[in-house]
Structure formats: C-alpha cells, structure tokens
Amino acid sequence: MELRRYQPSDCKEVAELFYNTVHIVNAKDYAKEQLDVWATGQIDLEKWNQSFQEHYCIVAVDNEIIVGFGDIDKMGYLDRLFVHADYQGKGIATVICNQLEQAVQGDITTHASITAKPFFEKRGYKVVKEQQVERQGIFLTNFCMEKSR
C-alpha cells in the first residue's frame, strides 16, 4: 500500500468509495434512510475536487485501487476519513490520520460518526458535544471531537 497526495483524477473513485463505505460500514450504526441522505450517490464532483485541492488530502492506494482517503483543512478541521469496506481493520485509517495530523499546527477537530467515534477516542480525541445533523428532514447523530496538542 502506498500513500500519496490526492489528484483530481481520483475524485470519481474517491466519491464511489465514500458512498460504498457509508452504505456498508456505517450501516451497523445508522438506518437506511439516514445512510441515503448522508451518501446520496449524487456528489458534485467539481465541488469535492475543489475542496480536496484546498485541503491537505491523502489517498491510500493498494494494487492501483484507492482503499482509503482523508483530508484536513489549514485550521485543523479533519473533514473526511474513509476506508474501503473490504480494507477495514488493516490500519489504513491510522496511517492516513497520522499524516493528516502532522500536516497542521495546533488542535484538531472533527465531526465523527457513531461508527468512527471509537477510532478517534483511541487516538486521544475527546467528545466536545453530541449533535444531530439534519439532512433532507432526516437527523443523523455525530460527535464534535477535538484533539488538543
């Protein structure tokens, strides 16, 4: 497996990984209607690409398949961190997160799903607050978490 910077040609594959990961991995913690509004399958690739280019974004590649990705902005907001459903539990999120955290100075914040909360807790993140995020009239629980440095 190799880690490298995100490239615009990765966007479609990353968007598909996001959709599939949410609908497979997060299905144990969220209802189908919640998954459907979280990952609709209708991502604006142009907006995502722009966001990835503005952030520090890393992709993990194994045999020419993107198996994980993550991004963080200059202010220390860790926006996205997703690993392919078939590659869970292999340390990929840890390696990506290590690199993202090293890319910024100061505290790091993230909005972690129910599924991701234990991962971030093991890394020393603390829950600041539990929140309900509304998407198309459907509410999803997530956690505003912070890692002080």
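Me: In which helix does Glu-101 lie?

Reply: Helices (H or I, at least four residues) and strands (E, at least two) are DSSP runs, numbered from the N terminus, and by that numbering Glu-101 lies in helix 4, which covers residues 92-102. Please keep in mind that this is a predicted model, in which local features need pLDDT of at least 70 and side-chain atom pairs count only at pLDDT 80 or more, while totals for chains, interfaces and linings use all residues. Residues are numbered from 1 along each chain as its sequence is written, and side-chain values use heavy atoms, with hydrogens and water left out.

Me: Is Glu-101 buried or exposed, and which residues does Glu-101 touch?

Reply: A residue is called buried under 20% relative accessible area, exposed over 50%, and partly exposed in between, using a 1.4 Å probe and protein chains only. Glu-101 has 6% relative accessibility and therefore counts as buried. Contact means heavy atoms within 4.5 Å, and, not counting residues up to four places away in sequence, Glu-101 touches Ile-108, Arg-123, Tyr-125, Lys-147 and Arg-149. Gln-105, by comparison, is found in the loop between helix 4 and strand 5 (108-113), and with 72% relative accessibility Gln-105 counts as exposed. Gln-105 and Met-75 are 30 residues apart in sequence, and their C-alpha atoms are 8.2 Å apart in space.

Me: Which residues of helix 1 are buried, and what covers them?

Reply: The buried residues of helix 1 are Cys-11, Val-14, Ala-15, Leu-17, Phe-18, Thr-21, Val-22 and His-23. Their cover includes helix 2 (32-38) and helix 3 (45-54), together with strand 2 (56-62), strand 3 (65-72) and strand 4 (77-83). Lys-12 is also found in helix 1, but Lys-12 counts as exposed, at 53% relative accessibility. Tyr-19 lies in helix 1 as well, and Tyr-19 is partly exposed, with a relative accessible area of 32%. Leaving aside neighbours within four places in sequence, Tyr-19 is in contact with Ala-39, Thr-40 and Gly-41; the C-alpha atoms of Tyr-19 and Ala-39 are separated by 5.3 Å, although these residues are 20 apart along the chain.

Me: How are helix 1 and helix 3 placed relative to each other?

Reply: To compare directions, axes are lines fitted to C-alpha atoms, for helices over the stretch in contact, and angles run from 0 to 180 degrees between N-to-C directions. Angles under 35 degrees count as roughly parallel, over 145 as roughly antiparallel, 65 to 115 as roughly perpendicular, and the rest as oblique. Here the axes of helix 1 and helix 3 come within 10 Å and cross at roughly 100°, and the two helices are therefore roughly perpendicular to each other. Where they meet, helix 1 contributes Cys-11, Lys-12, Val-14, Ala-15 and Phe-18, and helix 3 contributes Leu-45, Trp-48, Asn-49 and Phe-52.

Me: How many aromatic pairs are there?

Reply: Rings of Phe, Tyr and Trp (its six-membered ring) pair if their centres lie within 6.5 Å; planes under 30 degrees apart count as stacked, over 60 as edge-to-face, and the rest as tilted. By this rule the count comes to 10 aromatic pairs. One of them joins Phe-18 and Phe-82 edge-to-face, with 5.0 Å from centre to centre and 90° between the planes. This pair links distant parts of the chain, since Phe-18 is in helix 1 and Phe-82 is in strand 4, 64 residues apart. Both Phe-18 and Phe-82 are buried. Ring pairs also link Tyr-6, Phe-18, Trp-48, Phe-52, Phe-69 and Phe-82 into a cluster.

Me: What is the phi of Asn-63, and where does Asn-63 lie?

Reply: Most residues other than glycine have a negative phi. Asn-63, however, has a positive phi of about 50° although it is not a glycine, and Asn-63 lies in the loop between strand 2 and strand 3. Glu-64 is placed in the loop between strand 2 and strand 3 too, and its phi is near 65°, a positive value. Asn-63 is exposed, with a relative accessible area of 68%, and Glu-64 counts as exposed at 77% relative accessibility.
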